[in-house]
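Reader: I would like to go through the labels used for this structure and ask what stands behind them. Could you show it to me?

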Amino acid sequence: MIDQMDERLLAWARKVVPDVAAQIAPPPDDEANAGVRIHLLTIQPVNAPRGARRPPLELTLSYLVTTFAADARDAHRWLGTLAFEAMSTPEWQVADEPLPVDVWRAFGVPPRPSFVVRMPVRFAREEHLAPPVRSTVLQLQQED
């Protein structure tokens, strides 16, 4: 399931900024590899509402989207185009807070322009329904 979301994001990025290399990978430590990098940051479960039926299992995936180029103007143009397109995708949410500096340190790179897109992924569970009730407890006791 998550790999399908990875592929969906890659296809989306390649459509939005054609002729720009896009890959699932953490931010590079140099600008030599121009292109779009998409990296899965977090996987968070979503609490399902209780009800008569089993709801699907749901996760929220958070992806870091960054761009790199020898000319920063190119990287900024690609990033802006991607951000506005992500904001236009109804089921996605673009985070309104910047990525913490500690995360950039963990990648071993200085903070860079980026955004985080959150998207839901659902897993439908098979529903096992109980057989229908054909008699009440009272009817069963009277038959004995």
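Author: Gladly, and one term comes before the rest: a contact means heavy atoms within 4.5 Å. This is a predicted model, where local features need pLDDT of at least 70 and side-chain atom pairs count only at pLDDT 80 or more, while totals for chains, interfaces and linings use all residues. Residues are numbered from 1 along each chain as its sequence is written, and side-chain values use heavy atoms, with hydrogens and water left out.

Reader: Which residues does Thr 89 touch, not counting those up to four places away in sequence?

Author: Thr 89 touches Arg 8 and Trp 12.

Reader: Why is Thr 89 called buried?

Author: Buried means under 20% relative accessible area, exposed over 50%, and partly exposed in between (1.4 Å probe, protein chains only). Thr 89 has 14% relative accessibility, so Thr 89 counts as buried.

Reader: What makes Glu 91 and Arg 8 a salt bridge?

Author: The term asks for a side-chain nitrogen of Lys or Arg within 4 Å of a carboxyl oxygen of Asp or Glu. The closest N and O atoms of Glu 91 and Arg 8 are 2.3 Å apart, so the pair forms a salt bridge. Glu 91 is in the loop between H2 and S4 and Arg 8 in helix H1 (residues 2–16), 83 residues apart.

Reader: Why does Glu 91 count as partly exposed?

Author: Its relative accessibility is 37%, so Glu 91 counts as partly exposed. Arg 8, with a relative accessible area of 36%, is partly exposed too.

Methods: Helices (H or I, at least four residues) and strands (E, at least two) are DSSP runs, numbered from the N terminus.
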